[in-house]
Amino acid sequence: MGATASNTAHENFDAVIIGAGFSGLYTLHRLRDDLGLKVRAFDAAEDVGGTWYWNRYPGARCDIESYWYSYSFDEDLQREWTWKEQFSDQPEILRYLNHVADRFDLRRDIQCNTRVNAAIFDEDIRRWKIETSDGKCVEAQFLISGLGNLSLPQEPNFPGLSDFTGEVYSTSRWPHEPVDFTDKRVAIVGTGASAIQAIPLIAEQAARLTVFQRTANYATPLQNRPIDPEESAAIKAKYPELRRYSRETYAGIPYELEFEIRPSVFADSEEDREQVFEERYAGGSFRLPYGSYLDVLTDLEANKFVSEFVRRKIRERVNDPKVADILTPTSHPYGAKRVPCETNYYETFNRDNVELIDAKKTPIIEATANGLRTQDREFEVDAIIMAIGFDAMSGPLMNIDVRGRGGQTIQDKWRAGPQTYLGFASHGFPNLFIITGPQSPSVWYNMPSAIEDHVDFATDLIAYMREHGLETCDPELDAERKWVVHTKEEADKTIVPAAESYYMGTNIPGKPRCCMVYVGGAPKYRGICADVVAQGYAGFAFKEEGTTDANSKRHTGVDAHQSASR
Ligand code: NAP
């Protein structure tokens, strides 16, 4: 923290929120409008929207149905907003988030164009001092991270990139103005969910598109379509009931209302299994991984059936068997990496103007003035698009100078992997609440629901502290250690550790390998959180107002492990 900033009088808040996306907006609403706190949200972007502000690449859209991928906290809001498509595109989702900001009069407490550079917990006054990119420092009792899980882009580290004389784009930092690739030769690096959405649209426009694929992915159809007024009305009529039900489902999407999720691939005949896979594949979105058989994501042997099914679909859709071979994943099981949803992705490789390069066999070694060079060839292009993903989950918070008790940095604390309690707080960082933090369900759950659950948990916790005259809240080290173990145990019951992925942290060179997501399912996680609350916030240690370390009173409930190890 700069000496000048720390010596001057600072503006004081009850809570500071980092980010004004889905998390930040709802946190601001709850803390300010329901608890009456003085709150300020900061966002580095020019406007609200978070993920949906930044990720403007062609084809960007959500891949869970919009009537689920949206806020549920306000009945009037969900009734008055009408989604036009099953899976809304980025401009529509950004319009929605702007509508929410206006409707709840949130903008007056959001400072955009302002990055939080540092947050230091001052133990003498038991408040956070937050330093921002405008050179100011503010103080707050509570610091809430609404940074998101996929907000810190991975830096492209190809040697020579600055020598490239053409245009360089990143899917996660796309320009606000439309980019016209007509008559241009374009290269795209990466074949994750972002690239898989962008590639078919860019291929339609560009003179030539070269796709550099390192690991083949299992993409399955999105099946977007307009929502007709009757369907929309039917959903709205039953919204509260449907939302309640959704939260009791594994991923927060109520597939059980459409069909039975069958217990095991081994219990069905080959013919029945094939029919189940076909129906879920044709149904689109995440119906195949989350809505077919319970054991496809937990048993590698069971998973072989669905992996082979998707491989067969890829081969059926790609004309050239050599190209199909490169596009067919063999290095990991289906669903162990995040499943991308696609529209015409595989058919795009049947076009004459699209070339697929196996960047595992012939890795990109450098950028040149004219393009990209692999081990055996130079590709001359006019534009390079980086779609290489994010330093996910733990990356965004670790990118800020966050220091807790004893000056410990979050980078030190999480050096060997995130250490959290419930994926919500980290011992030694009092009153820091991380919305959908690492080791919480986050991206393994419908994100807006995961966000609402965590924001509600934080709001209730702050209300409880105010009611009981408690000034700080810090997870117990023991509870945290048990949570880290429990998160790993849950991951080990699934196929997730069988792939290198951002779930496991391994997409970033040097990042420790551990599961960053709580994969026990939303109902289990929600049950654990409810138990923690019922037991007087078990696993959290509180200090009463005005107490010092010497006379602090513990205000903990029973051992959280009883809940965490269920
Ligand atoms: P990603 O899934 O991490 O994919 C990054 C891609 O870049 C991978 O194919 C990766 O290959 C490749 N790559 C990275 N470094 C490379 C290098 N040096 N050389 C060649 N290739 C390289 O990132 P993403 O596509 O941006 O998606 C991230 C997440 O954002 C998604 O999983 C999803 O959760 C979210 N998302 C959601 C939607 C939606 O529809 N709602 C859309 C887009 C994104 P390897 O696999 O070999 O590492």
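Student: How does the lining of the second largest pocket divide by class?

Tutor: This is a predicted model, and in it the lining of the second largest pocket has 10 nonpolar, 8 polar and 8 charged residues.

Student: Okay, and which residues lie nearest the centre of that pocket?

Tutor: Pro200, Leu201, Glu342, Thr343 and Asn344 do, out of 26 lining residues.

Student: What volume does the second largest pocket have?

Tutor: About 430 Å³.

Student: Which helices and strands supply at least two residues each to its lining?

Tutor: There are helix H5 (90–103), helix H6, strand S11 (341–342) and helix H13 (345–348). H6 has the largest share of the lining, with 6 residues.

Student: Let's switch to the ligand. Which element gives the most to the shell around it?

Tutor: H6 again: this helix, residues 193–205, gives 3 residues to the ligand shell.

Student: Which residues come nearest to the ligand?

Tutor: Arg61, Ser194, Arg214, Thr215 and Tyr502, from a group of 22 residues around the ligand.

Student: And by class, how does that shell divide?

Tutor: The ligand shell has 10 nonpolar, 7 polar and 5 charged residues.

Student: What about backbone atoms, say at threonine 191?

Tutor: At threonine 191, a backbone N or O atom lies 2.9 Å from an oxygen atom of the ligand. Glycine 192 also has a polar backbone atom in this picture, 3.5 Å from a ligand oxygen.

Student: How much of the ligand's accessible area does the protein cover?

Tutor: The ligand has 900 Å² of accessible area on its own, and the protein covers 86% of that.

Student: New topic: cavities. How many of 30 Å³ or more does the structure hold?

Tutor: The structure holds 6 cavities of that kind.

Student: Which residues line the largest cavity?

Tutor: The lining is made of Tyr67, Gln78, Trp81, Trp83, Ile227, Ser232, Ile235, Lys236 and Tyr239. Helix H7, residues 229–237, gives the most to this lining, with 3 residues. By class, the lining has 6 nonpolar, 2 polar and 1 charged residues.

Student: And what volume does the second largest cavity have?

Tutor: The second largest cavity has a volume of about 60 Å³. Of its 13 lining residues, Ser145, Gly148, Met393, Ile434 and Gly437 are the closest to the centre.

Student: Zooming out, how many helices and strands does the protein chain have?

Tutor: The protein chain has 19 helices and 20 strands. Its C-alpha trace spans about 75 × 60 × 45 Å along the principal axes.

Student: How does the radius of gyration of the protein chain sit against that of a compact globule?

Tutor: The two agree, because a compact globule of 566 residues would have a radius of gyration near 24 Å and the protein chain has 24 Å.

Student: Last one, on the backbone. What is phi of arginine 126?

Tutor: Phi of arginine 126 is near 55°, a positive value in a residue other than glycine. Look for arginine 126 in the loop between strand S4 (116–122) and strand S5 (127–132).

Student: And where is serine 442 found?

Tutor: Serine 442 is in the loop between strand S18 (432–434) and helix H16 (447–467). Its phi is near 30°, also a positive value in a non-glycine residue.

Technical notes: Residues numbered from 1 in each chain as written. Predicted model: local features only at pLDDT ≥ 70, side-chain atom pairs only at ≥ 80, totals over all residues. Heavy atoms only, no water. Near = heavy atom within 4 Å. Polar contact = N/O pair within 3.5 Å; in protein donor to acceptor, adjacent residues only side chain to side chain. Areas by Shrake-Rupley, 256 points an atom, 1.4 Å probe, with all protein chains shown as cover. Helix = DSSP H or I, 4+ residues; strand = E, 2+ residues; numbered from the N terminus. Nonpolar A, V, L, I, M, F, W, Y, C, P; charged D, E, K, R; others polar. 1 Å grid on protein atoms, 1.4 Å probe; cavity = no way out; pocket = protein on both sides within 12 Å on 5 of 7 lines; lining within 4 Å. Points joined across faces, edges and corners; volume = space filled by probe spheres on them. Rg over C-alpha atoms; globule rule 2.2 N^0.38 Å.
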